[in-house]
Amino acid sequence: MENTITVDDVDTDFLPLIHDIIKSGERENHEPQKSAQEISQKIQDLQKKIDQARSDIRKLPGVQYNSEQQLKAMDDLRQSLQMKRQLLLKYRHMYSFDVPKY
């Protein structure tokens with residue numbers, strides 16, 4: 001089974017980390033040395049999370065196509081769906097034949 005990733009699997013919730021960095025900066029007045037180390041660590045954590053999100057986004061299916069290619073593929077799929085729906089309606093309204101019993 002192929003290990004695929006979906007949009008819901010990509011963690012792009014950066015605001016809590018950014019908030020923590022800002023709060024740490026506000027606390028810098030009280031303990032400058034400790035706060036600077038804390039800010040540095042939190043910035044590294046944020047960078048790691050951004051890098052992971054970039055990596056996950058590159059793994060998403062269809063990302064390698066540009067918008068024109070994606071729109072064309074979507075249009076092709078819509079046409080195919082419409083044709084299949086028409087065929088289903090056609091076959092649904094056909095007369096059923098009695099199958100002889102042997």
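Thr12 lies in the segment that precedes helix H1 (15-26), where helices are DSSP runs of H or I with at least four residues, strands are runs of E with at least two, and both are numbered from the N terminus. The model is a predicted one, in which local features need pLDDT of at least 70 and side-chain atom pairs count only at pLDDT 80 or more, while totals for chains, interfaces and linings use all residues. Residues are numbered from 1 along each chain as its sequence is written, and side-chain values use heavy atoms, with hydrogens and water left out.

With a relative accessibility of 47%, Thr12 counts as partly exposed, a class between buried (under 20% relative accessible area) and exposed (over 50%), computed with a 1.4 Å probe and protein chains only.

The chain contains three helices and zero strands, giving the pattern α-α-α along the sequence. Of its 102 residues, 13% are buried. Where contacts (heavy atoms within 4.5 Å) join residues at least 6 apart in sequence, 60% of them link residues at least 24 apart.

Leu87, a residue of helix H3 (residues 67-92), is partly exposed at a relative accessible area of 33%. Together with Met83, Tyr91 and Met94, Leu87 forms a nonpolar surface patch with about 400 Å² of accessible area.

Methods: Patches are made of residues with over 30% relative accessible area and no salt bridge: like charges are joined within 9 Å, nonpolar side chains (Val, Leu, Ile, Met, Phe, Trp, Tyr) within 5 Å. Accessible areas come from the Shrake-Rupley method with a 1.4 Å probe; for residues, only the protein chains shown count as cover. A salt bridge is a side-chain nitrogen of Lys or Arg within 4 Å of a carboxyl oxygen of Asp or Glu.
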